[in-house]
Amino acid sequence: MVSGGQTEVCVVGGGPGGMMTGLLLARQGISVVVLEKHQDFLRDFRGDTVHPSTFQVLEEIGLVDDFLRIPHTKAPAITMETATGPFTLTDFSRLPSRYPYMAFMPQWDVLDFLATAGRSHPAFTLVQGAEVTGLLKNGATVTGVRYRDAEGEHELTAKLVVAADGRNSVVRAAAGLRSVASRAPMDALWFRLSRAEGEKLPTVRAGKGFLIGCIDRGEYWQVVYMIPKGGYDRVRAAGLDAFRAAVSSIHGMFADRMAKEIQEWDDVKLLDVRIDRLRRWHRPGLVCIGDAAHAMSPAGGVGINLAVQDAVATSRILGPVLRSGRTPTPAELDQVRARRELPMRVVQLIQVHLLSGLYPSASRKGTDKPLVVRLCRRFPVLPRLLAHIIGLGLRPEHVHTGKGASHS
Ligand SMILES: Cc1cc2nc3c(=O)[nH]c(=O)nc-3n(C[C@H](O)[C@H](O)[C@H](O)COP(=O)(O)OP(=O)(O)OC[C@H]3O[C@@H](n4cnc5c(N)ncnc54)[C@H](O)[C@@H]3O)c2cc1C
């Protein structure tokens, strides 16, 4: 049997974009239901970087001090170790921000924090273990969603559906919104290796034909090893021993751990990196944000922060319309895209054109000196400019737009 419910806004997906949208709309007294298909946020190998723009938003809603209590490590710059010496890709330290750094923070902690903050507002509901399977429509207008949970099938009607269900968005497919893809240069293999206390490693090490990242997670290293796009079958065909040897040749101290802890391919997770964008982000009654509107590559660790910026713009643009009791018009929904498209496109262009040379590629020979390394060394302003675009964004979003617009 299908049961029914009603809300003002249904947010599909409890990732960074969806949780922040839910929180910001609920603060305005708008009833929001966030539907998240997983029972918890404990998924490994997701983005873990929080940039100055996100700290700024949390400061604006009075939550930054509590947020900063989540254990994290601060990186004032992204410095890579290369065969030709260290090279700074982005230097956040001189940003005009109270948070001039990037923080590494497990994404599940960030999402738990946003969920707790959301639940302090009566208008906020988070339903976990609720997978959206389709849209409810009245003609061409989206009027809600169908979802299933442990109790069965349900329908939830809403004035507005916000699709924040990530790069494999079911909602954008059900709405018939088509994406334009750019070629991502790499795929990523993620795995964990134990870490001894006090052990230090460069966050990123790059060289001819390889790039490896090691995030310090206290008791373990979360390791990402980049491979050429579509190269996973070749890596597997070469065998686990060859993979262990490749990683150990970069960080010799991992040799024993690779042998003991990487026992089978199930210990290694493939992430198919994708970069795409919707031309149109809305249908009547529906708007897409975050990776559902524009899948981001992990390069620059910017995806979480762009999704949060989309959430801020969405709640600021559409919140007043919803508070007035109206359903946003298609033109109002399109304002979200109009506001967010440029900053997102610029980051994607940087990911596709400027940063691609850092990654191992099947189509060209590896080099010790990719273009971006040469440019950053030659023009010291470039790492600061990149920090600005990546850390704050070309169009930083604020929760309030001025006097009289605040909702505490
Ligand atoms: C390998 C890799 C590493 C990355 N590293 C970083 C990084 O370090 N820093 C960074 O900022 N970005 C990183 N990114 C990008 C980043 O993860 C995304 O850009 C960001 O998470 C997008 O946020 P979102 O809220 O739009 O979507 P997501 O984070 O993808 O969240 C979508 C949510 O929707 C839920 N969902 C999906 N389908 C349904 C459904 N049918 N019903 C209900 N719920 C559903 C999912 O369970 C998920 O919780 C990385 C990406 C990849 C691929």
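Let's begin with a pair of helices: H1 and H9 are roughly parallel to each other, a label used for angles under 35 degrees. Before going on, note that this is a predicted model, where local features need pLDDT of at least 70, side-chain atom pairs count only at pLDDT 80 or more, and totals for chains, interfaces and linings use all residues. Residues are numbered from 1 along each chain as its sequence is written.

Two packed helices are described by the angle between their axes and the distance between the axes. For H1 (residues 16-27) and H9, the angle is about 30° and the axes are 8 Å apart. Here helices are DSSP runs of at least four residues (H or I) and strands (E) are runs of at least two, numbered from the N terminus. The axes are lines fitted to C-alpha atoms over the stretch in contact, with angles running from 0 to 180 degrees between N-to-C directions. Among the residues making this contact are Met 20 and Leu 24 of H1, and Ala 307 and Ala 311 of H9. Two residues are in contact if their C-beta atoms, placed from the backbone, lie within 7 Å.

Next, look at the domains. The protein chain is assigned domain 1 (2-182 + 274-392) and domain 2 (186-228 + 231-271), with bounds that come from an automatic or database domain assignment. Their C-alpha centres lie 27 Å apart, and the contact takes 19 residues from domain 1 and 21 residues from domain 2. On the side of domain 1 that touches domain 2, strand E5 gives the most, with four residues.

What about the inside? The largest nonpolar core has 116 residues, and Val 161 is one of those that touch the most other members. Such a core is a set of buried Ala, Val, Leu, Ile, Met, Phe, Trp, Tyr and Cys residues joined through C-beta atoms within 7 Å. Helix H9 (residues 303-323) gives the largest share, 10 residues. Leaving aside neighbours within four places in sequence, Val 161 is in contact with residues including Cys 10, Val 12 and Val 142.

Finally, is Val 180 buried or exposed? Val 180 is exposed, because 10 other C-beta atoms lie within 10 Å; exposed means 12 or fewer, buried means 20 or more, and partly exposed is in between, with C-beta atoms placed from the backbone. Val 180 sits in strand E12 (residues 179-182).

Notes. Angles under 35 degrees count as roughly parallel, over 145 as roughly antiparallel, 65 to 115 as roughly perpendicular and the rest as oblique.
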